[in-house]
Amino acid sequence: MGKSAQRKHKAKELAAKKKRLLPDDYFGSESFGVARFGRFVVMKNQLPSEQFQEMQTNLADQFPIVKRGIDEIITKIIELASSLPPLQILQRAYWEMAARQVNIASESDADSEDVISFRMIDYLQSIIASAEPTYKIDEISEEIWNELRVLVKSLFIKLTLEYDICKTAYNKRNDPSFDLDYEQYCHEAEQIWVNVRGTRYAVYDVQAVHDFLKPHDEILLDLFGCSVEKLIDNLAKIHYSLTHGIGKLMEDINNLRKTTMQKASERSHDEPEANAHEFIARIIKENGLQDLKDSIIGRLSGMDLFELEKITDLPSTLLDELSWEPGQNTEFLQGEDRGWPLRIWPVFIRPFLKVNGKHYCFDLYNLFDHIYRVIERLVISKKPEYRETWNVKQKKISEELAVNLFQRLLPGSTVHKSVYYRLYVGDKHSKDWCETDALLTYEDHLFIIEVRAGAFTHASPATDFPSYIASLKNLLFKPAEQGKRFLEYLESEDQVSLYDEKHNQVGNLSKQGFRHITLCAISLDPFTELAAQIQHLKNIGIDVGQHPVWSISIDNLREYADVFDNPLVFLHFVEERMRAFQSEAIKVNDELDNLGLYLKHNMYTKYATEILQESDGHTHLGWYGYRSDVDKFFANKLIEPDREYPLKQNMPQHLNTVIDYLAKNTVPNRSEVAITLLNCADEARDKIWSQIDLVLARQSKTGKPLALSTYGEAKVTVFCWQKGMLDRNHEFAQNHTQESMMVAEDARRLLLELEYDESNHLCGVHGGFITLEGLSTEQINKLRDKADMLRQSRIKKALESSGKIGRNESCPCGSGKKYKYCCLNIFSTNK
């Protein structure tokens, strides 16, 4: 290696050290180390190999003991819960949960006690539905309640931590076919099964169920005498009671108190010696407040928040089908692992509880997580011949919803539904007719949309993980394959033909017309925890290939449609989301974690890759708290649906104004222009957009145009034209941009020309990508001379401003190189 090359190599090493990311916090022990970079957490095993193997042996030995311990805890829970009044258990559990949720808008704010408060409702309701009641105890004392709560907490902590760790070690030692990847995903699926509730944001619960049930009005009327609209209206009443009921109760208490005190004050002079209790009772009765008082007592002390006969007018026949009586379920507590949360919970099958002839609902999340599939299974059990009709209607509404939501996100887009085409499939020697559910085009983007309406498996991953994998293949892999099949067809010719279901040609399509193509595998059932990791599932037999696939649920699309109000920003997010598919650094637990990362870091795959490189790859990567703002956004929409709560990426105001202008006006190349601007890192963004006001003010004084440029990854030059004073001169702007390209040795650069009116309000945006292709040798030589002059003027201006340019500073000429490797050796002005 020569001296010059050695110097360059050394310089790169120094630069790498200078750029090294340092964690905000670090904790380490002999066993493991944890580092935090912002909200990103890196965990690393640090045990020596021998100690690690010893630990694994001990864990494997503990597995049978841990299992027996779980069985013993469940037996105690069954004995205690079955001896207590069931409605008292669930009423107290609900009020305790509600009290803990008052100040929690995001799941990242919840601690283990908050999580257990939910299990005190859904798990205990499952026990009540399965255990033969003894009712030995009439009232639940504080001591008994605490005992029950400690048991439930112990069960779920033991199951979440000890059980899975010991089971993995045990299986690794005893199963010859042990596969760590398989074990890991099985573990994740089990944890989701046991702990995750609320598969969509509550603000969408009623609408989502309505959308999918509305095609089945006739069959519901026939079987239960209940229309879809009536069912949905009553589900909305239950939803309101369990989400807003306590707030309305507090409001009514306050109103009763205020009105009663006001009326009592007006009468107190007339009856100074009256008995206070009798006096207030008379005031309430005389002013028509008795019903309100009775209602308050019923909701505060009684069961009126939960009793469905008081909340709804649903037919008793339907309520009976959706309810368990205490001890009615005969499966949950039978056989091996009886009562284990890893089995199918009775509340997943029937969400309500029937006690003494009345029906109750205490659990919002399990009700709306499962009610659509519960109704489906109920209808088919009553009328098996309706299965095909249900499937056809389900497929149709799923495809319609997916396309409609995309059109909300991308208004003005062009859609082709149920597109047919001919392609060689497999080893066949003749072409087959194939179908793709929909094609959507917007600007230079093509979305290949495949929708899967089938149900995700109802089985528990602990008892039938192969069915979990089969469901993933059906709902993720198959639509991905169908999408890739159309992409293969699109790439087979310069222009391909599109046909309808009768095989009549309805259009043509050319791949050359699209800068970005997105394959979308859309599911009805929201299983986003696993779908968000689709690119990492190849080790368990689900390999969707190298081309990015966006696996997403209809619920996610509904959420995105309320977040993104600018179609160009949405396109930018989609492109970044697809880069995340190809990144080993991105493994999130939910689709909306990608949204949180995007809002925080913009080009979040680049950020994650830098951190992964710093961790040397020997880590478990975790993203925590990034969905916090997203959770709060949707929580606020539930509380005050008519109030605006913007959820946007933080960006300079002038950039935001330009992106909005592009979205609202027909500007050539607007998609690529907007995405190029949004791709700029924070430093490049600030360099341009923080200077706009200064440039406008200075140009107003000098009458001369000033260019703003960024170099390196972001290759953008901006001119600000001011109508009536400094009108647009495209030729001047283009020449200057080409000169800058010669300096920086750019092959392609965005020239953005902004027009402002007399009040400096943006009134025009022109964007184009400039190259040097097609220029003659004479033109290139002229540009090179002008580029040298531009380089010298920039160096001179930098020297006049600072007096000296540091050798390791970025060269002021705009080349993107360090000064010592650029103009220091070309000009002697710094001697």
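Which residues form one aromatic cluster? I looked this up first. Tyr123, Phe156, Trp193, Phe332, Trp345 and Phe348 form it.

**Ground rules**

I am working with a predicted model, where local features need pLDDT of at least 70, side-chain atom pairs count only at pLDDT 80 or more, and totals for chains, interfaces and linings use all residues. Residues are numbered from 1 along each chain as its sequence is written, and side-chain values use heavy atoms, with hydrogens and water left out.

**Entry: aromatic pairs**

I looked up the aromatic pairs and found 37 in the structure. Rings of Phe, Tyr and Trp (its six-membered ring) pair if their centres lie within 6.5 Å; planes under 30 degrees apart are stacked, over 60 edge-to-face, and the rest tilted.

I picked tyrosine 386 and tryptophan 390. Their pair is edge-to-face, at 6.2 Å centre to centre with 80° between the planes. Buried or exposed? Buried means under 20% relative accessible area, exposed means over 50%, and partly exposed is in between (1.4 Å probe, protein chains only). Tyrosine 386 has 9%, so I noted it as buried. Tryptophan 390 has 0% and is buried too.

Next I took phenylalanine 456 and tyrosine 468. This pair is also edge-to-face, with 4.9 Å between centres and 80° between planes. Phenylalanine 456 sits in the loop between strand E9 (445-452) and helix H18 (465-490), and tyrosine 468 is in helix H18, so the pair ties together parts 12 residues apart in sequence. Helices (H or I, at least four residues) and strands (E, at least two) are DSSP runs, numbered from the N terminus. Both phenylalanine 456 and tyrosine 468 are buried.

**Entry: H2 and H4**

How do helix H2 and helix H4 cross? The axes of H2 (residues 49-82) and H4 (residues 112-130) come within 10 Å and cross at roughly 70°. I wrote down H2 as roughly perpendicular to H4 (65 to 115 degrees; under 35 is roughly parallel, over 145 roughly antiparallel, the rest oblique). Ile74, Ile77, Ile78 and Ala81 of H2 meet Tyr123, Leu124 and Ile127 of H4. Contact means heavy atoms within 4.5 Å. Tyr123 also belongs to the aromatic cluster.

**Entry: histidine 730**

I found histidine 730 in helix H29 (residues 730-744). Its relative accessibility is 35%, so it counts as partly exposed. Not counting residues up to four places away in sequence, histidine 730 touches Leu751 and Glu753.

Notes: Axes fitted to C-alpha atoms, helices over the stretch in contact; angles between N-to-C directions.
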